[in-house]
Amino acid sequence: MRFGADETHCRSCRALCPASDLDRHLWCPSCRKQVKRRGARWGRLVGFVASLGVAAYLILRVHPSPRYLMFYLLMLLLTYILTSRIAVSVTHGYYRARGSVTGCATPEGTE
Ligand SMILES: [Zn+2]
């Protein structure tokens, strides 16, 4: 592959890509996709664990009454949403600060 004037290397995987495909951190679409996938995975895991912790606290300490069941379920849902979003953001920041995603793309930058 020839190195064209409008092609540059991805900062994460060093794949040669058109410069217009890179984002402001100079990451290729494949690396961005992988970071999003990993962030979503960590978000689901952290959200599930946090919701499980809140559910355990509610069941063991609060002894929820059936009268407020919707309130407790809403609390669990909000715990899942908020903690998973925080985990996604932290994961994205971690990989961006690290500068690479391991095993993110082939040398040509294709999937
Ligand atoms: Zn890349």
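The buried residues of helix α1 are Ser-30, Cys-31, Arg-32, Gln-34, Val-35, Gly-39, Gly-43 and Gly-47. Buried means that 20 or more other C-beta atoms, placed from the backbone, lie within 10 Å of the residue's own; exposed means 12 or fewer, and partly exposed lies in between. What covers these buried residues includes helix α2.

This is a predicted model: local features need pLDDT of at least 70, side-chain atom pairs count only at pLDDT 80 or more, and totals for chains, interfaces and linings use all residues. Residues are numbered from 1 along each chain as its sequence is written.

Now the overall layout. The chain has 2 helices and 2 strands. Along the sequence they follow the pattern β-β-α-α. Helices (H or I, at least four residues) and strands (E, at least two) are DSSP runs, numbered from the N terminus. Of the 111 residues in the chain, 23% are buried.

Back to α1. This helix has 34 residues and reaches 47 Å from its first C-alpha to its last. That is close to the 50 Å expected at 1.5 Å a residue, where the expected span is 1.5 Å times one less than the number of residues. His-63 follows α1, with a positive phi near 50 degrees.

Next, the helix pair. Two packed helices are described by the angle between their axes and the distance between the axes. Helix α1 (residues 29-62) and helix α2 (residues 69-98) pack at an angle of about 145 degrees, with axes 7 Å apart. Axes are lines fitted to C-alpha atoms, for helices over the stretch in contact, and angles run from 0 to 180 degrees between N-to-C directions. The residues of this contact divide into 16 nonpolar, 9 polar and 3 charged. Here Ala, Val, Leu, Ile, Met, Phe, Trp, Tyr, Cys and Pro count as nonpolar, Asp, Glu, Lys and Arg as charged, and the others, Gly among them, as polar.

Val-35 touches His-92, Tyr-95 and Val-101, not counting residues up to four places away in sequence. Touching means C-beta atoms, placed from the backbone, within 7 Å. Lys-36 is also found in α1. Why is Lys-36 classed as partly exposed? Because 14 other C-beta atoms lie within 10 Å. Lys-36 and Thr-91 are 55 residues apart in sequence, yet 8.8 Å apart in space, C-alpha to C-alpha.

Technical notes
Two residues are in contact if their C-beta atoms, placed from the backbone, lie within 7 Å.
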